[in-house]
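This report describes one protein chain for a reader who has not seen it before. Please look over the sequence and the structure first.

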Amino acid sequence: KLVKVDKLIGEKKIDEAQFELSKLGSEFYKNPEYLYFRAKIFYLKKIYYVAIDTLLIALEFEQNDKIYDLISEIYGVLGNNELRKKILDSNSRLKTVNLPKDQLTGIYRK
């Protein structure tokens with residue numbers, strides 16, 4: 001199911017991809033790949049802060065470069081190049097992303 005979503009996003013069929021994600025049940029809510037795709041759709045729709053929140057939640061379940069790269073890309077679009085660079089740096093990324101998680105009360109924490 002997520003492969004189909006990935007394909008739709010790649011084809012720039014964002015609304016269709018969003019619809020496919022909406023059909024998935026609650027068993028996907030803690031799936032980092034599902035959360036990544038939701039964030040990617042938010043990002044493509046220019047809903048940047050919701051995309052960042054979604055990616056920070058995804059990091060609670062799995063830490064991988066793809067998630068960090070998208071967070072970094074979003075911060076770059078927002079003009080925060082200092083934060084973008086810190087997240088791209090594998091030595092500082094964990095500390096950097098934990099700071100907003102600790103400060104923002106809406107972020108899910110395991």
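## Surface and basis

Accessible areas are computed by the Shrake-Rupley method with a 1.4 Å probe, and for residues only the protein chains shown count as cover. On that basis the accessible surface of the chain is about 6600 Å², and carbon and sulfur atoms hold 50% of it.

The model is predicted: local features need pLDDT of at least 70, side-chain atom pairs count only at pLDDT 80 or more, and totals for chains, interfaces and linings use all residues. Residues are numbered from 1 along each chain as its sequence is written, and side-chain values use heavy atoms, with hydrogens and water left out.

## Overall fold

The chain has seven helices and zero strands; these are DSSP runs numbered from the N terminus, with helices (H or I) of at least four residues and strands (E) of at least two. The radius of gyration is 14 Å, close to the 13 Å of the globule rule for 110 residues, so the chain is as compact as a globular protein of that length. That radius is taken over C-alpha atoms, and the rule is 2.2 Å times the number of residues to the power 0.38. The C-alpha trace spans about 35 × 30 × 20 Å along its principal axes.

Contact means heavy atoms within 4.5 Å. Of the contacts with a separation of 6 or more, 48% are between residues 24 or more positions apart.

Of the 110 residues, 40% are buried. Buried means under 20% relative accessible area, exposed over 50%, and partly exposed in between (1.4 Å probe, protein chains only). A nonpolar core is a set of buried Ala, Val, Leu, Ile, Met, Phe, Trp, Tyr and Cys residues joined through side-chain atoms within 4.5 Å.

The largest such core has 33 residues, and Leu21, Leu55, Ile71 and Ile74 touch the most other members. Helix α3 gives the most to this core, with eight residues. Beyond its neighbours within four places in sequence, Ile71 contacts Leu55, Leu56, Leu59, Ile87 and Val97.

Is Arg93 buried or exposed? Arg93 lies in helix α7, residues 93-103, and counts as buried because its relative accessibility is 10%. Leaving out residues up to four places away in sequence, Arg93 touches Asp65, Tyr68, Asp69, Lys86, Ile87 and Leu88.

Lys85 lies in helix α6 and counts as exposed, at 53% relative accessibility.
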